[in-house]
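Trainee: Could we go through this model together? I would like to begin with how its elements are named.
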Number of protein chains: 2
Amino acid sequence: MTAAATGAATVRPAAVTDRGALEAVIRSDATFRDDEVAVALELVDGGLAGSSDYLLRVAELDGAVVGYLCYGPTPMTARTFDLYWIVVAAAARGRGVAGTLVRAMEAELRDGGGGNVRIETSETDGYGAARRLYEKLGYPLAGTFPDFYGPGDALLVYYRTI
Amino acid sequence: MTAAATGAATVRPAAVTDRGALEAVIRSDATFRDDEVAVALELVDGGLAGSSDYLLRVAELDGAVVGYLCYGPTPMTARTFDLYWIVVAAAARGRGVAGTLVRAMEAELRDGGGGNVRIETSETDGYGAARRLYEKLGYPLAGTFPDFYGPGDALLVYYRTI
């Protein structure tokens with residue numbers, strides 16, 4: 001990754017050989033607490049093991065893995081999906097990688113006949129960029145749950161039909 | 001259970017010996033599809049095995065198990081709890097059993113220093129009694145997610161700080 005990099009991100013399914021790069025992407029993000037890193041890696045390992053509950057899509061820029069998205073079918077629903085995690089390496093931000101990942105997921109859902117996407121996030125400052133991204137991509141805020149994660153840390157839920 | 005029964009329900013933690021009675025309670029409820037029965041039983045078995053994620057409380061009327069509630073700490077939160085299931089045997093309805101179960105859960109949360117309770121349910125007719133119960137017990141509707149479970153079947157989320 002250099003300042004001269006100008007290509008757009010490409011998205012593909014994750015492979016087992018991406019494990020190290022995905023962990024590095026997660027650990028580059030200072031927003032995540034240790035227990036959150038552990039949960040993120042648990043889903044990554046589930047996805048890499050071929051679980052149909054956790055679908056992993058990685059973004060590459062100039063041949064390097066710089067981010068990923070993990071989504072999957074919401075249990076007990078017909079065509080609703082949770083976007084569980086989306087992470088972009090700190091060094092690759094500002095290049096539209098996250099938006100490219102979300103659009104790739106939406107294209108897959110459309111190919112499968114459409115569906116709904118639910119995204120849960122936090123109201124704290126560390127998630128401001130994520131909230132702005134979801135709003136920019138057209139995800140309305142469908143619910144607010146005060147103090148959900150902890151005092152002063154609400155759960156915000158975005159929801160959109162694709 | 002007879003028409004002459006008049007006592008109020010009592011609530012206690014579930015014991016392994018309740019397994020058969022709990023399954024009978026679940027199967028008495030025609031609202032649940034087979035996949036929902038399977039999920040309910042999975043949580044019951046988790047709770048009976050001593051999981052701290054699924055806390056089971058059973059209601060008794062006149063010495064018989066007539067309902068149960070399953071709740072547990074919401075992952076990655078400080079003091080938020082999901083009320084996963086509340087089921088009352090078809091033959092024991094109209095005697096305040098569900099409300100007694102919810103109040104018992106709330107009393108436990110207060111004893112532990114308080115917290116938030118999240119309840120997810122459906123907008124379909126089969127869940128009308130559940131929705132009325134939550135509203136009567138003071139749980140505000142915090143989010144609505146159209147077509148979440150399937151076409152015309154929204155997810156409704158109630159949320160309250162205890």
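Mentor: Helices and strands here are DSSP runs, numbered from the N terminus; a helix needs at least four residues and a strand at least two. Please keep in mind that the model is predicted.

Trainee: With that naming, what comes just after α3(A)?
Mentor: Gly113(A) does, and its phi is positive, at about 105 degrees.

Trainee: And how far does the helix α3 of chain A reach?
Mentor: Its 15 residues, 97-111, reach 21 Å from the first C-alpha to the last. That is close to the 21 Å expected at 1.5 Å a residue.

Trainee: Which residues of α3(A) are buried?
Mentor: Val97(A), Ala98(A), Thr100(A), Leu101(A), Val102(A) and Met105(A) are buried.

Trainee: What covers them?
Mentor: In chain A, the cover includes the strands β1 (10-13), β2 (55-61), β3 (64-73) and β4 (80-88), and also the helix α4 (128-136).

Trainee: Stepping back, in what order do the elements of chain A run?
Mentor: From the N terminus the order is β-α-α-β-β-β-α-β-α-β-β, with 4 helices and 7 strands in chain A. Of the contacts between residues at least 6 apart in sequence, 58% join residues at least 24 apart.

Trainee: What about the radius of gyration of chain A?
Mentor: Chain A has 15 Å, which agrees with the value near 15 Å for a compact globule of 162 residues. The C-alpha trace spans about 40 × 35 × 30 Å along its principal axes, and buried residues account for 35% of the chain.

Trainee: What confidence does the predictor give?
Mentor: The average pLDDT of chain A is 92, and 96% of its residues score at least 70. For the complex, the ipTM is 0.86 and the pTM is 0.86.

Trainee: On to the complex, then. How many residues of chain B are in contact with chain A?
Mentor: On chain B there are 20, and they meet 20 residues of chain A. Four elements of chain B each supply at least two residues to that side: α2 (34-48), β5 (116-122), β6 (141-150) and β7 (153-161). β6(B) gives the most, with 8 residues. By type, that side of chain B has 9 nonpolar, 7 polar and 4 charged residues.

Technical notes:
Residues are numbered from 1 along each chain as its sequence is written. Chains are lettered from A and ligands numbered from 1 in the order in which they are written. This is a predicted model: local features need pLDDT of at least 70, side-chain atom pairs count only at pLDDT 80 or more; totals for chains, interfaces and linings use all residues. pLDDT is the predictor's confidence in each residue, from 0 to 100. Two residues are in contact if their C-beta atoms, placed from the backbone, lie within 7 Å. Ala, Val, Leu, Ile, Met, Phe, Trp, Tyr, Cys and Pro count as nonpolar, Asp, Glu, Lys and Arg as charged, and the others, Gly among them, as polar. The expected span of a helix is 1.5 Å times one less than its number of residues. A residue is buried if 20 or more other C-beta atoms lie within 10 Å of its own, exposed if 12 or fewer, and partly exposed in between; C-beta atoms are placed from the backbone. The radius of gyration is taken over C-alpha atoms; the globule rule is 2.2 Å times the number of residues to the power 0.38.
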